[in-house]
Amino acid sequence: MIREEVRQHFGDGARVLLFGSRVRDETRGGDIDLYLEAEGTAAETLARELKLYAALQRRLGEQRIDIVVHRRDTPMRAIDLAACQTGMPL
Amino acid sequence: MNANPDRLWQILGIVAKEETYLNAVMLRLFPKHGDISPAWLKALLDTPEGIDRMESFVGKFSRMQDSIVDKLLPHFLLAVGETPGTALDNLRRAERLGIVGDPDLWLAMRRLRNRLIHEYVDDLAELAAALDMAHAATHELCNAFRGIKNYTEHNFPIDGNTLSDSH
């Protein structure tokens, strides 16, 4: 379901990882932390991220969702590196 | 929770002030001419006054959202004879009543707040894009407030309870 929404808003070319407590904890509960790599300007990726966030919030209910988007033409930040090292592809 | 026009008027009074203060800080913050560009934003954040204005805008933008979603909408729905539910339920009902636009925009606005914290966002292009979107989204906040205010003035007119004096 998450992958489906990511594809709808970011297209087939986006890479998506689940990271944070969902991957780390055996309970698989807690926040949903998503890492995305995508093309586009800052305004384009922000608009897509917000639409994705709203769609996921609508489908998953009042769960805490965090989305980190790395634009491919920008340097990796610490959070991008951490997500790539620990994340699980969706 | 029962319909309570006095409480609805009280909340409207608070949101009216929030709208006034939000509009005032927008006049001080945003450029009179031209775009909200990374270069403009860099110059803004190079000054303590600019940082204060930015933070003041984000605080007021967030507060008005919270007041409308958490307080005003539930009391408005009670006033029209509906039972309030979750924030998303309330937004959907308010959309059907023509008070708010797309509920997804309201969900997105909550997310947008995280993107406006300048200490956390190093990329000025990202921050400028977020600020531009927040600027546009303030129209939706003000429209929702005015829609509920007009409804209340029409349906629950109480002497001394019009907000026109405070504007």
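**View 1. Chain B from end to end.** Helices here are DSSP runs of H or I with at least four residues, and strands are E runs of at least two. In this predicted model, chain B comes out with six helices and zero strands. Starting from the N terminus, its elements read α-α-α-α-α-α. The C-alpha trace of chain B covers about 50 × 35 × 25 Å along its principal axes. Its radius of gyration is 17 Å, which agrees with the value near 15 Å that a compact globule of 167 residues would have.

**View 2. Inside chain B.** Buried residues make up 32% of the 167 in chain B. Look at contacts in chain B between residues at least 6 apart in sequence, and 71% of them join residues at least 24 apart.

**View 3. The largest nonpolar core.** This core holds 59 residues, and A:Leu36, B:Ile68, B:Leu112 and B:Ala130 have the most contacts inside it. Zoom in on B:Leu112: leaving aside residues up to four places away in sequence, B:Leu112 touches A:Leu50 as well as B:Ala130, B:Met133, B:Ala134 and B:Ala137.

**View 4. Helix α3 of chain A.** This helix takes in residues 42-60, and its 19 residues reach 26 Å from first C-alpha to last, close to the expected 27 Å. Its buried residues include A:Leu46, A:Leu50, A:Tyr53 and A:Leu56. What do the buried residues of α3(A) pack against? In chain A they meet α1 (2-10), β2 (32-38) and β3 (65-71), and in chain B they meet α5 (103-114) and α6 (124-155). Just past α3(A) sits A:Gly61, with a positive phi of about 80 degrees.

Notes. Residues numbered from 1 in each chain as written. Chains lettered and ligands numbered in written order. Predicted model: local features only at pLDDT ≥ 70, side-chain atom pairs only at ≥ 80, totals over all residues. Core = buried A, V, L, I, M, F, W, Y, C linked by C-beta atoms within 7 Å. Buried ≥ 20, exposed ≤ 12 C-beta atoms within 10 Å, placed from the backbone. Contact = placed C-beta atoms within 7 Å. Rg over C-alpha atoms; globule rule 2.2 N^0.38 Å. Expected span 1.5 Å × (residues − 1).
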